[in-house]
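Dear colleague,

Please find below the structure that I am handing over to you, with its sequence. My notes on what was found in it follow directly after.

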Amino acid sequence: MKNAIRTCAQRIGSWRTLCLTAVAAAGASILPATAQSAFDVVGVRPGMTEAEAMSALTAHRPGMRVQKRSMNYNFRDGVQQINTESFLHEVWVIYDDAQGREEFRLYFSPLPSASRVVSVYRNVTLKAPPTQAQLSSQLTQKYGAPTVTGKNYADLNMTWGESGKPMCWRSNPKATVIGDGQGDITDYLRKEQAKGRVPADFSQCGVALAANLVGEPVRQLVVRITDYGAWAATQQKAKDWVEQQRQDAVKARLSKGDGPKL
């Protein structure tokens, strides 16, 4: 089990990058429905399929450039390395025109779970910088009163947690770390469980949204949304899936063992 988890983590750093057009994957519309987050960024929210997320980004503004990163896990059967089938891990969308530069990164749940958005990252350059008071007022109107807020030098950080669910993300007045900067979600949550900060079933964890208002006036807005429960649950399922494949591969190799003629 430990070997399977370690090789999975190593594989994350060696994605195969594919440049593709923003066309919805065939058959995406027939995937089973799943709950979607109440938090969204320009209509993109955790729980969406790739097709739904790309539709929202297409409606947001024209001229997107898209890259997709696929990923697979690998393990050893004791002799050789074996790779699982690949799956969509990240979609990177960039707009860069007269309106200014804007970047989105969408992260998806791994196999064997259905592919759904589990984390959203947005970084937008503001050509007509608003004040922090103006932008924080807009954010409060959209998301309600923040759960945590604080200043980090000239920057203002605002964070919201999903109502009625445990707050499983790490935050202090100066910074909130959620999403792709968090590292291995399940490993982090296990450490927090040991401190009594996270429920035994981390699939109960809520969605977190963090906004970083850079400068005064605000020249750059960075927003992250992460569904901790969904990401952790599907990540753990993936680790169990890889470990089962590893055990099956070891059994298959041993069953075919044949010594030389003596």
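Glutamate 90 has a relative accessibility of 0%, so this residue counts as buried. The residue belongs to strand β5. Its side chain is joined to that of arginine 105 by a polar contact of 2.7 Å. Serine 70 stands 20 residues away from glutamate 90 along the chain, and the C-alpha atoms of the two are separated by 6.9 Å. Please bear in mind throughout that this is a predicted model.

Which residues does valine 93 touch, leaving aside its neighbours within four places in sequence? Its contacts are Met54, Leu57, Met64, Arg65, Val66, Glu102, Glu103 and Phe104.

The next topic is the disulfide. A search of the whole structure finds one, formed by cysteine 168 and cysteine 205, with the sulfur atoms 2.1 Å apart. The pair links distant parts of the chain, 37 residues apart. Cysteine 168 is in the loop between β9 and β10 (170–172), while cysteine 205 is in the loop between α4 (185–194) and β12. Is this disulfide left-handed or right-handed? The torsion about its S-S bond is about -80 degrees, and the disulfide is therefore left-handed. As for accessibility, buried means under 20% relative accessible area. Cysteine 168 has 1% relative accessibility and therefore counts as buried. Cysteine 205, at 2%, counts as buried too.

Most peptide bonds are trans, and most residues other than glycine have a negative phi. Proline 112 lies in the loop between β6 and β7. A cis peptide bond also joins glutamate 216 and proline 217, where omega is about 5 degrees. The loop between β12 and β13 holds proline 217.

Positive phi values occur in valine 42, where phi is near 45 degrees, and in tyrosine 153, where phi is near 60 degrees. Each of these is a residue other than glycine. Valine 42 is found in the loop between β1 (16–19) and α2, and tyrosine 153 in the loop between β8 (148–152) and β9. Are these residues buried, partly exposed or exposed? Valine 42 has 27% relative accessibility, so this residue counts as partly exposed. Tyrosine 153 has a relative accessible area of 74% and is therefore exposed.

With kind regards

How values were computed: Residues numbered from 1 in each chain as written. Predicted model: local features only at pLDDT ≥ 70, side-chain atom pairs only at ≥ 80, totals over all residues. Heavy atoms only, no water. Contact = heavy atoms within 4.5 Å. Disulfide = S-S within 2.5 Å. Helix = DSSP H or I, 4+ residues; strand = E, 2+ residues; numbered from the N terminus. Buried < 20%, exposed > 50% of the residue type's maximum accessible area, 1.4 Å probe, protein only. Polar contact = N/O pair within 3.5 Å; in protein donor to acceptor, adjacent residues only side chain to side chain.
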